[in-house]
Amino acid sequence: MEGLINLMEETVLDKIEHLWQNTDYCKCNQCKMDIAAYALNRLPAQYVQSMKGKVLYRFESNRIQRDIEVTVAVSQGIEIVGKSPHKNVNPNENSGSDANSGNNGGGQ
């Protein structure tokens, strides 16, 4: 489906960046994507296909409620993934890509 954008993905990724930086948890991309997947599976999709739809999404009347729901889902994801990082890493893969995290699968 060309041209469709799930704005909830952008919203969740922005919220992860905002909340995650204040934690001591692993900051590797794998953990970020695990957090995003956790949150996105608990939130409704918000698809648009035009810039007008994107603008309307930003100014919806329920924006505060949506922000609360996203914050809760992302916070839960950060806690769960942070306590047990790298759950979706194949043990046969080289985990050298986690060099910035300081944690190469120790949570498994």
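This is a predicted model: local features need pLDDT of at least 70, side-chain atom pairs count only at pLDDT 80 or more; totals for chains, interfaces and linings use all residues.
User: How many helices and strands are in the protein chain, and in what order do the elements run?

Analyst: The protein chain has four helices and two strands. Read from the N terminus, the order is β-α-α-β-α-α.

User: What do the contacts and the surface of the protein chain look like in numbers?

Analyst: Of the contacts between residues at least 6 apart in sequence, 73% join residues at least 24 apart. The accessible surface is about 7,100 Å², and carbon and sulfur atoms hold 49% of that. Of the 108 residues, 32% are buried.

User: How does the span of helix α1 agree with the number of its residues?

Analyst: Helix α1 covers residues 7-20, which is 14 residues; at 1.5 Å a residue these should span 20 Å, and the end C-alpha atoms are 20 Å apart, so the two agree. At the start of α1, a side-chain oxygen of N6 comes to within 3.0 Å of the backbone nitrogen of M8.

User: Which residues of α1 are buried?

Analyst: The general idea first: an α-helix has 3.6 residues a turn, so residues three or four places apart point the same way. In α1, the buried residues are L7, M8, T11, V12, K15, I16 and W20.

User: Which residues make the nonpolar surface patch, and is I68 buried or partly exposed?

Analyst: I64, I68 and V72 make the patch, with an area of about 290 Å². I68 lies in helix α4, residues 63-83. Its relative accessibility is 43%, so I68 counts as partly exposed; buried would require under 20%.

Methods:
Residues are numbered from 1 along each chain as its sequence is written. Side-chain values use heavy atoms; hydrogens and water are left out. Patches are made of residues with over 30% relative accessible area and no salt bridge: like charges are joined within 9 Å, nonpolar side chains (Val, Leu, Ile, Met, Phe, Trp, Tyr) within 5 Å. Accessible areas come from the Shrake-Rupley method with a 1.4 Å probe; for residues, only the protein chains shown count as cover. A salt bridge is a side-chain nitrogen of Lys or Arg within 4 Å of a carboxyl oxygen of Asp or Glu. Buried means under 20% relative accessible area, exposed over 50%, partly exposed in between (1.4 Å probe, protein chains only). Contact means heavy atoms within 4.5 Å. The expected span of a helix is 1.5 Å times one less than its number of residues. A polar contact is a pair of N or O atoms within 3.5 Å; within protein, one must be able to donate a hydrogen and the other to accept it, and residues adjacent in sequence count only if both atoms are side-chain atoms.
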